[in-house]
Amino acid sequence: MSNVRAMAVGYADQPTGAAGSRNAEKTLNESRDASVTDLKGKLVSETPITLKGYPGRELKVALPKNYMVRLRLYLAGQRKYSVMIVAD
């Protein structure tokens, strides 16, 4: 990932109960699947991560034309945060 082509940061409020440890995994799994589908890419790697105790995932997704997406998802309380970088 040498040439950054795009960056995005966002958040979305989740339904009540999404933050429990079992529900956090389900929410992060659903977010992963939706992100890969929306990007029309192929999941290359997935790593569980945390930030200040909040669960998250780091995803690497391959796109057409040799682009690569690095996406970090975090679930903090009822809010899901995403940080994405697209590079070639």
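1. Arg32 itself is buried, with a relative accessible area of 15%.

2. Before going on, please keep in mind that this is a predicted model, where local features need pLDDT of at least 70, side-chain atom pairs count only at pLDDT 80 or more, and totals for chains, interfaces and linings use all residues. Residues are numbered from 1 along each chain as its sequence is written, and side-chain values use heavy atoms, leaving out hydrogens and water.

3. Arg57 and Glu46 also form a salt bridge, with their closest N and O atoms 2.5 Å apart. This pair links distant parts of the chain, 11 residues apart: Arg57 in strand S3 (residues 54-63) and Glu46 in strand S2 (residues 42-51). Strands here are DSSP runs (E, at least two residues), numbered from the N terminus. Arg57 is buried at 5% relative accessible area, while Glu46 is partly exposed at 30%.

4. Glu25, Arg32, Asp33, Glu46 and Arg57 are linked in a network of salt bridges.

5. Over the whole structure, the search finds eight salt bridges (a side-chain nitrogen of Lys or Arg within 4 Å of a carboxyl oxygen of Asp or Glu). One more to look at joins Arg79 and Asp13, with the closest N and O atoms 2.7 Å apart. Arg79 lies in strand S5 (residues 79-87) and Asp13 in strand S1 (residues 4-13), so the pair ties together parts 66 residues apart in sequence.

Terms used. Helices (H or I, at least four residues) and strands (E, at least two) are DSSP runs, numbered from the N terminus. Buried means under 20% relative accessible area, exposed over 50%, partly exposed in between (1.4 Å probe, protein chains only).
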